[in-house]
Amino acid sequence: TMAPQINSAAARVLDRLGISLITAPEAGCCGALSYHLNAHDEALDYMRRNIDAWTPHLDQGAEAIVMTASGCGVTVRDYGYYLQRDPAYAEKAARVSMMTRDVSEILVAEKAALQKLLAKIKPEAGNAKLAVHTPCTLQHGQKISGVLEAILTTAGYEVAPAPNGHLCCGAAGTYSILQPELSSQLLKNKLAALETNQPERIVTANIGCLLHLQSGTQKPVAHWVELIDELLRPA
């Protein structure tokens, strides 16, 4: 809702790679925020609704459930854990968790096709300097590190080194609301690190991080897949 262009960009990028995205309109919130706020029953209801929305597509041959928000991805990958004692959903939840992929994993798997597409672009098209914030939910939760930098470097961008990349930006789900002072200090520290080498733009992989980072800087902050989409759009 806050940044619908991210999913649209991901759909266009995957389409250029020959991958079709199927929309499941019955799906909604992954349940993460409710779970963070200790509203566990509400969160589990959200999870069951999503499982019911996605399972028919998996039954019909969908090869993955693609996440463009790493905060959602780390939660959906734990559906099997959260619903392990639910006799009606345990097996389906485990299947959904197993089939979930961050969009970066899809692009890495299609690296050769991506390079072929990018080769058609003028070399100077993507040479802006970027700072990359890898969300905690991506690098610590899903154990995906260095992938964003690799994709962006392949696309011709200069990735500016940023110290303390393992540290949180302060968004942390509802943490920025419940602990504003600590969250603000984490944000200040993170932006100082990201802006160390004076990048033109900051990119990340989670909507919560994106909005939090943008609240503290004048530099444009975007989801990294938006930049790949910009490169691949026809002139």
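Biologist: Which residues form the nonpolar patch on the surface?
Modeller: Leu37, Ile177 and Leu178, with about 330 Å² of accessible area together. Patches are built from residues with over 30% relative accessible area and no salt bridge, joining like charges within 9 Å and nonpolar side chains (Val, Leu, Ile, Met, Phe, Trp, Tyr) within 5 Å. The areas are Shrake-Rupley values with a 1.4 Å probe, and for residues only the protein chains shown count as cover.

Biologist: Before I go on, what sort of model is this?
Modeller: A predicted one: local features need pLDDT of at least 70, side-chain atom pairs count only at pLDDT 80 or more, and totals for chains, interfaces and linings use all residues. Residues are numbered from 1 along each chain as its sequence is written, and side-chain values use heavy atoms, with hydrogens and water left out.

Biologist: OK, and what's the mean pLDDT of the protein chain?
Modeller: The mean is 93, and 97% of the residues reach 70 or more. pLDDT is the predictor's confidence in each residue, from 0 to 100.

Biologist: Is asparagine 38 buried or exposed?
Modeller: Exposed, because its relative accessibility is 59%. The cut-offs are under 20% for buried and over 50% for exposed, with partly exposed in between (1.4 Å probe, protein chains only).

Biologist: What about phi of asparagine 164?
Modeller: That phi is near 55 degrees, again a positive value in a residue other than glycine. Asparagine 164 sits in the loop between β4 (158–159) and α11. At 46% relative accessibility, asparagine 164 is partly exposed.

Biologist: Switching to α3: how many residues does α3 have, and how far does it reach?
Modeller: α3 has 20 residues and spans 28 Å from its first C-alpha to its last, close to the expected 28 Å. The expected span is 1.5 Å times one less than the number of residues.

Biologist: Where is the kink in α3?
Modeller: At alanine 53, shortly before proline 56, and the kink is about 25 degrees. The bend is the angle between axes fitted to the seven residues ending at a residue and the seven starting there.

Biologist: Which residues in α3 are buried?
Modeller: Among them are Leu44, Met47, Ile51, Ala53, Trp54 and Leu58.

Biologist: How many salt bridges does the count come to?
Modeller: Eight, with a bridge being a side-chain nitrogen of Lys or Arg within 4 Å of a carboxyl oxygen of Asp or Glu.

Biologist: What does arginine 12 form a salt bridge with?
Modeller: Aspartate 229, with the closest N and O atoms 2.8 Å apart. The pair links distant parts of the chain, 217 residues apart, with arginine 12 in helix α1 (residues 5–16) and aspartate 229 in helix α14 (residues 224–232). Arginine 12 is partly exposed at 35% relative accessibility, whereas aspartate 229 is buried at 4%.

Biologist: And the salt bridge of arginine 95?
Modeller: Arginine 95 meets aspartate 59 at 2.6 Å, N to O. That pair also links distant parts of the chain, 36 residues apart: arginine 95 is in helix α6 (residues 90–99) and aspartate 59 in helix α3.

Biologist: What about aspartate 45?
Modeller: Aspartate 45 forms a salt bridge with arginine 48, the closest N and O atoms being 3.0 Å apart. Both lie in helix α3, three residues apart, about one turn of the helix.

Biologist: Last one, is valine 225 buried or exposed?
Modeller: Buried, because its relative accessible area is 0%. Valine 225 lies in helix α14, and its C-alpha is 7.2 Å from that of isoleucine 6, 219 residues apart along the chain.

Terms used
Helices (H or I, at least four residues) and strands (E, at least two) are DSSP runs, numbered from the N terminus.
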